[in-house]
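Visitor: I am new to this structure and would like to learn how to read it. Please take me through some features one at a time.

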Amino acid sequence: MSQCARVNGTCKRCEGELPFDFTMAFQPIVDVSLAKIDAYEALVRGPQGESAWSVISQVTDNLLYHFDQACRVKAIEMASALDMPTALSINFLPNAVYEPRACIQATLDVSQRVGWPTDRLIFEITETERVRDRQHLCNIIDAYRSMGFRTALDDFGNGYANLDLLTDLIPDKIKIDRELVMNCDQDIRRQSLLRSIIQLADELAIKLIAEGVETHAEALWLAREGIPCQQGFYYARPAVNALADDKALTHRLMALREESQQARLKVPNE
């Protein structure tokens, strides 16, 4: 992955028109401890709001690099048009990045064009297949950090986003997969695993985000245990070309913050 396909200002892999259209939906990532929306994740959707799979299933190997770039550009353009007041989190495939500084150029160009601050961009490392070159992924993260971006390891605890990645990678955030979050308020085994991840993240100075939070009980347990940053249907479903109702969500977050604080007072020795 040492050679980029960009020649004389043209990238055969990243430029040109895609043979299909798509749009973006935005889902908030909240911080219960601050009772506010911390960021939004951009999620690909069909042009009429169809599922992500309806789009991704059309992405062939030849279109992978171009699609990855197009998603970044569209997400930033739409976030800017919506006057998004928070950071924007964008998924990317490490295997679709040849040379980090060359492949990021389209992102920098659109950010400058629409006035989007690059320090409000977070790149989520998403992998449906094992990373072929671990050092290449480390180089991407290091390069992005040097340019002021933040990175997150997505779907931690499921598939290829496993513990061994942290022997080499230094992401700013870890997004804990729904598989570990589900029924965490009742499942003792999940509670044990999550507490271990909390301790690990604290020692490595990595911020945790719980994905797939769907119930009040899950949200409360996570906030009480030390994972206030959360994302899921309990707070808001992804909205196509729209942001969450900030006032309603803030009200819910304030109530949840108060409840989690009271819960901690009741179990000071836990």
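Guide: Start with burial: a residue counts as buried when its relative accessible area is under 20%. The model shown here is predicted. Of the 270 residues in the protein chain, 48% are buried.

Visitor: What does the accessible surface of the protein chain come to, and how much of it belongs to carbon and sulfur atoms?

Guide: The total is about 13200 Å², and carbon and sulfur atoms hold 49% of that surface.

Visitor: How many helices and strands does the protein chain have?

Guide: The secondary structure consists of 9 helices and 11 strands. As for contacts with a separation of 6 or more, 69% of them join residues 24 or more positions apart.

Visitor: How do I read the two sides of a strand?

Guide: In a regular strand, side chains alternate between the two faces of the sheet. Take strand E3, residues 23-31. One side carries Thr23, Ala25, Gln27, Ile29 and Asp31, and the other carries Met24, Phe26, Pro28 and Val30.

Visitor: Which strands pair with E3?

Guide: Strand E4, residues 36-45, pairs with E3 in the antiparallel sense over 9 bridges. In that pairing, Phe26 is opposite Ala42.

Visitor: What lies between the strands in the hairpin of E3 and E4?

Guide: There are 4 residues between the strands, and Ala35 in this hairpin has a positive phi near 55°.

Visitor: Now the helices. At what angle do helix H7 and helix H8 pack?

Guide: A packing angle is read between the N-to-C directions of the two axes. H7 covers residues 188-204 and H8 covers residues 216-225; their angle is about 40°, and their axes are 11 Å apart. Angles under 35 degrees count as roughly parallel and those from 65 to 115 as roughly perpendicular, so H7 and H8 are oblique to each other. The crossing of H7 past H8 is right-handed.

Visitor: Which residues of H7 and H8 meet?

Guide: H7 brings Gln191, Leu194, Arg195 and Ile198, which meet Trp221, Leu222, Arg224 and Glu225 of H8.

How values were computed:
Residues numbered from 1 in each chain as written. Predicted model: local features only at pLDDT ≥ 70, side-chain atom pairs only at ≥ 80, totals over all residues. Heavy atoms only, no water. Buried < 20%, exposed > 50% of the residue type's maximum accessible area, 1.4 Å probe, protein only. Helix = DSSP H or I, 4+ residues; strand = E, 2+ residues; numbered from the N terminus. Pairing = 2+ DSSP bridges. Contact = heavy atoms within 4.5 Å. Areas by Shrake-Rupley, 256 points an atom, 1.4 Å probe, with all protein chains shown as cover. Axes fitted to C-alpha atoms, helices over the stretch in contact; angles between N-to-C directions. Parallel < 35°, antiparallel > 145°, perpendicular 65-115°, else oblique. Left-handed = near helix turned anticlockwise from the far one by under 90°.
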